[in-house]
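This report describes a set of charged side-chain contacts in the structure shown below. The pairs are taken in turn, followed by the arrangement that they form together.

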Amino acid sequence: MNGTTALSPWLPTAPCTPGHCAAHPESAHRRSGADADPAGVVRAVVRLIAGLGTVLLGLLLAPPAGLLPAATRLALVRYWMRVVVRAFGVHVRYEGPAAPAGGPLLVVANHVSWLDIPLIAAVLPGRTVAKSEVRRWPVLGTLAALGGTLFIDREGIMALPGTVRTMAGVLAGGGRVVVFPEGSTWCGRERGRFRPAAFQAALDAGCAVQPIRLDYGPTAAAAYVGADPLGSSLWRVVSARRLTAVVRLREPLPGALYPDRRALAAAAQRAVASDSANLPSLSVHQRSSSRSASASSARTPA
């Protein structure tokens, strides 16, 4: 999730900062010297109440919903997440092939905002991998815990192999795991490299990878980066006049076609990126692996 730290040199870092990437309403107010639009403030407050109220209602209904068949629960989660996002005032458009109906799947996406999680859950609900700090978030942290989030200590690199094993276990059991391989939120104008560790879980479980690209307009309203407080981000989202999210599903990547996790991670990033500026720069080893994967794909019957 959002934020980076200099405490551990192995952690992913992003150049995105709240002041550069996110247009805080209070900052714009100070620059213009104009009074806030009363109608806009009322609209934002209504959205905030509606969004948080929808989240709380879902939390209250979660225990009885746990008694329902798995397929029914997943359908309710998808509907609930769509209602939550819409209650916060976000317009959503889904594009691409139909989401896989079931079975194990590692879902990977670029990471811009806390909105990424409910947007993906609205189409492909699964157990999300998130930093341990998320558990302490008011309301949303409880929601994440009830949703089976796999919390990880981003500052404890020794815990990473165990997290990958847990992910592989969930996938081997037929479940879905949602991960943001960039390791931190990025503003949308800048993107991070997909770290390969999570892709080992897909290879170990023998399952496919589902790449998803997330785009927002205006990006500044949705971006949740750096040391941005969650409250400020929530207010930007509900204050936006027409915040639109586009969720683009790409074709799934069969893990068996790739020789290692680095080649699979690079292929997933290429699937998510929309232009050459966001493509990962491949090392000699990765280029060789990619050519091997392409050759294997050509030999594999459709």
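In this predicted model, the side chains of Asp215 and Arg213 meet in a salt bridge, with N and O 2.7 Å apart. Both partners are buried: Asp215 has a relative accessibility of 18%, which is under the 20% cut-off, and Arg213 has a relative accessible area of 6%.

Asp215 also takes part in a salt bridge with Arg248, in which the closest N and O atoms are 2.6 Å apart. Arg248 belongs to strand β7 (residues 243–249) and Asp215 to strand β6 (residues 208–217), so this pair ties together parts that lie 33 residues apart in sequence.

A further salt bridge joins Arg93 to Glu95, their closest N and O atoms being 2.8 Å apart. Arg93 counts as partly exposed because its relative accessibility is 40%, and Glu95, at 29%, is likewise classed as partly exposed.

| Arg213 | Asp215 | 2.7 Å |

Which residues are linked in a network of salt bridges? The network comprises Arg93, Glu95, Arg213, Asp215 and Arg248. Its members include the buried Arg213 and the partly exposed Arg93. Across the whole structure, the search finds 6 salt bridges.

Key:
Residues are numbered from 1 along each chain as its sequence is written. This is a predicted model: local features need pLDDT of at least 70, side-chain atom pairs count only at pLDDT 80 or more; totals for chains, interfaces and linings use all residues. Side-chain values use heavy atoms; hydrogens and water are left out. A salt bridge is a side-chain nitrogen of Lys or Arg within 4 Å of a carboxyl oxygen of Asp or Glu. Buried means under 20% relative accessible area, exposed over 50%, partly exposed in between (1.4 Å probe, protein chains only). Helices (H or I, at least four residues) and strands (E, at least two) are DSSP runs, numbered from the N terminus.
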